[in-house]
Amino acid sequence: MATQTPVVRRSRIGSAVASGRDLMRAFFARGSRRRRQEDVLLELLGQLRLMTEEIHRANLIQQYRLTLEQMDRAIDDPSLADAASTLTGLSEVKRRQMIFANREYGILLMAHQVGICDWEELLGHLRVLCRNQLFAEYWDRTDEHRRSLPPDSLEARVGAVVDVMIEELADGPEEWWIVGPSAAGPDS
């Protein structure tokens, strides 16, 4: 029997080593499984964030679609134009033109908000729009409307840019395509 004891000990040690090895494998397997679960969770959270942003953009587009429909009706019907506009002392034709100028500006702003055009492209479109005398008149007549905007809102920041462009264009620069701020971005 004395000869069996070392074998039993070896097998116990061998089995303990094997058990320890199995425990370590299980521990690391749980760790890697946990890491995989965390990675999957992070990926799902990222996708949820993207979906939330997409739903927000879709809601913006839908809201603006409704606004455009109302503007189109106001342009077509003078009585609705009177109800939709806060501008006073305008002829029927001029009121329709002001509503249309607002519509054009809004379309550019929405294109930027939903990611169709970046800041630099928005500036380029605004430079062209600001060259239009009817738009410049609309902009001048609606100055008080923009004063009520929160200063850090996108529309207030874009409005400040348009103010600069119209002011610089009033001086009649030959190189109209460079008026306004640089394309550094809306948060600069």
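Modeller: A salt bridge is a side-chain nitrogen of Lys or Arg within 4 Å of a carboxyl oxygen of Asp or Glu. Note that this is a predicted model, in which local features need pLDDT of at least 70 and side-chain atom pairs count only at pLDDT 80 or more, while totals for chains, interfaces and linings use all residues. Residues are numbered from 1 along each chain as its sequence is written, and side-chain values use heavy atoms, with hydrogens and water left out.

Biologist: What makes Arg49 and Glu53 a salt bridge?

Modeller: Their side chains meet at 3.0 Å, N to O, and the limit is 4 Å. Arg49 and Glu53 both lie in helix H1, four residues apart, which is about one turn of the helix. Helices here are DSSP runs of H or I with at least four residues, strands are runs of E with at least two, and both are numbered from the N terminus.

Biologist: Why is Arg49 called partly exposed?

Modeller: Buried means under 20% relative accessible area, exposed means over 50%, and partly exposed is in between, with a 1.4 Å probe and protein chains only. Arg49 has a relative accessible area of 48%, so Arg49 is partly exposed. Glu53, at 31%, therefore counts as partly exposed too.

Biologist: How do you know that Glu54 forms a salt bridge with Arg57?

Modeller: The closest N and O atoms of Glu54 and Arg57 are 2.7 Å apart, which is within the 4 Å limit. Both residues lie in helix H1, three residues apart. Glu54 has 44% relative accessibility and so counts as partly exposed. Arg57, at 24%, is also partly exposed.

Biologist: Which salt bridge does Arg103 form, and what does the pair tie together?

Modeller: Arg103 forms a salt bridge with Asp72, with the closest N and O atoms 2.8 Å apart. Arg103 lies in helix H3 and Asp72 in helix H1, so the pair ties together parts that are 31 residues apart in sequence. Arg103 is at 15% relative accessibility and so counts as buried, whereas Asp72, at 29%, is partly exposed. The whole structure holds 10 salt bridges, and Lys94, Glu137 and Arg141 are linked in a network of them.

Biologist: Why is Leu68 called buried?

Modeller: Leu68 has a relative accessible area of 16%, so Leu68 falls on the buried side. Leu68 is in helix H1 and touches Arg103 and Ile107, leaving aside residues up to four places away in sequence. Contact means heavy atoms within 4.5 Å.

Biologist: What makes Phe135 and Tyr138 a tilted aromatic pair?

Modeller: Rings of Phe, Tyr and Trp (its six-membered ring) pair if their centres lie within 6.5 Å; planes under 30 degrees apart count as stacked, over 60 as edge-to-face and the rest as tilted. By this rule there are five aromatic pairs. In the pair of Phe135 and Tyr138, the centres are 5.6 Å apart and the planes are at 45°, hence tilted. Being three residues apart in helix H5, Phe135 and Tyr138 are separated by about one helical turn. Both are buried. Tyr105, Phe135, Tyr138 and Trp139 form one aromatic cluster.

Biologist: Why is Arg146 called buried, and what does Arg146 touch?

Modeller: Arg146 has 15% relative accessibility, so Arg146 counts as buried. Arg146 lies in helix H6 and touches Trp139, Gly159 and Asp163, not counting residues up to four places away in sequence.

Biologist: How do you know that the length of helix H7 agrees with what a helix should span?

Modeller: The expected span of a helix is 1.5 Å times one less than its number of residues. For the 17 residues of H7 (154–170) that should be 24 Å, and the end C-alpha atoms are 24 Å apart, so the values agree. Buried residues of H7 include Val158, Val161 and Leu169. Among the elements covering the buried residues of H7 are helices H3 and H4.
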